[in-house]
Amino acid sequence: MADAKLADWRTLAERELKASPDALVWRTAEGIDVKPLYTGDDLDGINHLATLPGLKPFVRGPRATMYAGRPWTI
């Protein structure tokens, strides 16, 4: 995302919150920080987004039709 647009969002968020948007970050029970805004830049380095079910590396299931006909297959 363009840095200027992100800066614009940050300015608007600060005005609405009367605080830094960083104050909205919260942590899950697993210790994962959840940000108030995610952009396409957060997807950089995630290589499996273009994968398909039934094909290696099988991150979307081992079968092409995985859950289409049998929900909750384990």
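**Exercise 1. Work out whether Thr51 is buried or exposed in this predicted model, and which residues it touches.**

Step 1: get the relative accessible area of Thr51, which comes out at 13%.

Step 2: hold that against the cut-off, where buried means under 20%. Thr51 is therefore buried.

Step 3: Thr51 sits in the segment after strand E2, which covers 33-34.

Step 4: list its contacts, skipping neighbours within four places in sequence. That leaves Pro57, Val59 and Arg60.

**Exercise 2. Describe helix H1 and say what follows it.**

Step 1: H1 runs over residues 3-17, which makes 15 residues.

Step 2: compare spans. From first C-alpha to last, H1 reaches 21 Å, close to the 21 Å expected at 1.5 Å a residue.

Step 3: step off the end of the helix. Lys18 comes after H1, with a positive phi near 60°, although Lys18 is not a glycine.

Step 4: Lys18 has its place in the loop between H1 and E1. With 74% relative accessibility, Lys18 counts as exposed.

**Exercise 3. Trace the network of salt bridges that links Arg10, Glu14 and Asp22.**

Step 1: start inside the helix. Glu14 and Arg10 both lie in H1, four residues apart, or about one turn.

Step 2: check the N to O distance for this pair, which is 3.8 Å. A salt bridge needs the two atoms within 4 Å, and the Glu14 and Arg10 side chains do meet in one.

Step 3: now pair Arg10 with Asp22. Their closest N and O atoms are 2.7 Å apart, and this too is a salt bridge. Asp22 is in the loop between H1 and strand E1 (26-27) while Arg10 is in helix H1, so this pair ties together parts 12 residues apart in sequence.

Step 4: Glu14 is partly exposed at 34%, Arg10 is partly exposed at 30%, and Asp22 is partly exposed at 48%.

Step 5: A search of the whole structure gives four salt bridges; among them is Asp42 with Lys35, whose closest N and O atoms are 2.7 Å apart. Asp42 is partly exposed at 28%, and Lys35 is partly exposed at 35%.

**Exercise 4. Which residues make the nonpolar surface patch, and how exposed is Leu43?**

Step 1: the patch is made by Leu43, Ile46 and Leu49, with an area of about 250 Å².

Step 2: locate Leu43, which lies in the segment after E2.

Step 3: read its relative accessible area, 45%, so Leu43 is partly exposed.

Terms used
Residues numbered from 1 in each chain as written. Predicted model: local features only at pLDDT ≥ 70, side-chain atom pairs only at ≥ 80, totals over all residues. Heavy atoms only, no water. Helix = DSSP H or I, 4+ residues; strand = E, 2+ residues; numbered from the N terminus. Buried < 20%, exposed > 50% of the residue type's maximum accessible area, 1.4 Å probe, protein only. Contact = heavy atoms within 4.5 Å. Patch = residues over 30% accessible without salt bridge, like charges linked within 9 Å, V, L, I, M, F, W, Y side chains within 5 Å. Areas by Shrake-Rupley, 256 points an atom, 1.4 Å probe, with all protein chains shown as cover. Expected span 1.5 Å × (residues − 1).
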